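Here is a short note for a colleague, in numbered points. Please read it with the structure open.

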Amino acid sequence: MISKKDNVGQPILSISDVTKHYPIREGALQRVVGHVRAVDGVSFDIFPGKTVGLVGESGCGKSTLGKVVAGLTDPTSGSVRYNFNNQLVSISSLEKNKFKNFRRNCQMVFQDSFASLNPRHLVFDIVGRPLKVYKEVSGYDLVEKVVSLLNQVGLGREHLYRYPHQFSGGQRQRISIARALALNPEIIILDEPTSALDVSVQAQILNLLNELQKARNLAYLFVTHDLSVVRHMADSLVVMYLGKIAEAGETQAIFAKPYHPYTKALMDAKPSFDEGQNSKAKGLDGVVPDPARPPQGCRFHTRCSLATDKCGWEVDDVVRWLEDTPGMFESLTAVERKSEFSAVLSFSDESSAANLKQEIGDLSRITSWIRVFGMVNSASGYDEQHIVINGFSELVLEVFGPDVGRHSRSAIGVAGLPMNLAIEIEGEVLIK
């Protein structure tokens, strides 16, 4: 059984500058006070018969992007364009009948196989429902079609009249895949379909997906955080960090030589059965920043070992590093934020201000671009400390590797032109 699309040179789905922001509401009137930037300007293409792997840490926006691509939620901006009669058309502009056609051709398999199956429905009802909705078959033919779909995923007629709770996790995921295949789709969004399964069952599901792809010329968007799985499954790879693409290209090329520091950090954090390699594995420092207020410039710079003074440093970066230090801000009496790059911190005593200076000096990762200035204040008799950090004022693109086209190997970060960022501690501004 072959997909209806014959023109393999064109993408079956094109994601162009897609963003998805969720409003943050507070107060009795539920006014919008900010937005969570779950997905922020993502673009890539999916081709017939190919698998695009979407990887990144938890909270980077992978699942949200998958739902946007599947049409389950609308993007804030940007477009998801479907190849309708060899012409890419935004799914948000499709008429009712054409959108229904897109729905049947773009199916989704969810991470939690138990939650995605109605516990009160029999397997026959679950797998057969899409066929009923689209009036494909009925009566005896419906039963035989459901049995045929179950056979394709390794189940049989004896499973028709059982409930989801009567199956193992791997069997439930097979039922989800059978339901996704019912209408002979062209694209399947796989949202971490094997993460809740043990290793042996994972292998069975992955092999099943590979066989189905070859038989039906299916296109997959494979969302996962497991690098071993995506290396086995994906033809091309998209690495996301905090809502943005860090690196994209052919899977084997990226695994052979990652360009972006974040991609390399993910590779280094992957455990291995090789004792020598496993001893070199190391995790990333720090946590993923708040997506409601992501870092300026390159979003990875707060955790990057290769960060420079042009990566977008701001006041909050210093605060994030030091906020967990015991007693660091207990004597803080006031904060005056002049801009994202300038703030005045006032302490109730001199020792607390000196302690902040000392802690910043101990941060070896940032001392190369932090300069601490002192000046004797004759009135108070102690040094007024001023910390100046290079920030940025204008966004530019910095390419870590060759970038010769949208579908080529590229790893892009956002850098900027230097601009002095000043934190003043109890005193006049000495450096502007």
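1. A definition comes first: two strands pair if DSSP finds at least two bridges between them. The model is a predicted one. Strand S4, residues 77-83, and S5 pair in the antiparallel sense over three bridges. Arg81 has its bridge partner in S5, namely Ser90.

2. Now the sheet as a whole. Four strands make up an open sheet, in the order S2-S1-S4-S5. The pairing is antiparallel. At the edges are strand S2 (31-46) and strand S5 (88-90), and each pairs on one side only. From one strand to the next, the twist averages 30°.

3. Which strands does helix H1 touch? Helix H1 (residues 62-69) packs on the sheet and touches strand S1 (13-26), S2 and S4. The direction of H1 makes about 115° with that of S1.

4. Next, a loop residue. Val137 sits in the loop between helix H3 (123-133) and helix H4 (139-152). Val137 has a relative accessible area of 28%, so it counts as partly exposed. Leaving out residues up to four places away in sequence, Val137 touches Leu131, Leu142 and Lys145.

5. Is His301 buried or exposed? His301 is buried, because its relative accessible area is 1% and the cut-off for buried is under 20%. The place of His301 is in the loop between helix H10 (275-280) and helix H11 (315-322). Its side chain reaches the backbone oxygen of Cys298 at 2.5 Å.

Methods. Residues numbered from 1 in each chain as written. Predicted model: local features only at pLDDT ≥ 70, side-chain atom pairs only at ≥ 80, totals over all residues. Heavy atoms only, no water. Helix = DSSP H or I, 4+ residues; strand = E, 2+ residues; numbered from the N terminus. Axes fitted to C-alpha atoms, helices over the stretch in contact; angles between N-to-C directions. Contact = heavy atoms within 4.5 Å. Buried < 20%, exposed > 50% of the residue type's maximum accessible area, 1.4 Å probe, protein only. Polar contact = N/O pair within 3.5 Å; in protein donor to acceptor, adjacent residues only side chain to side chain.
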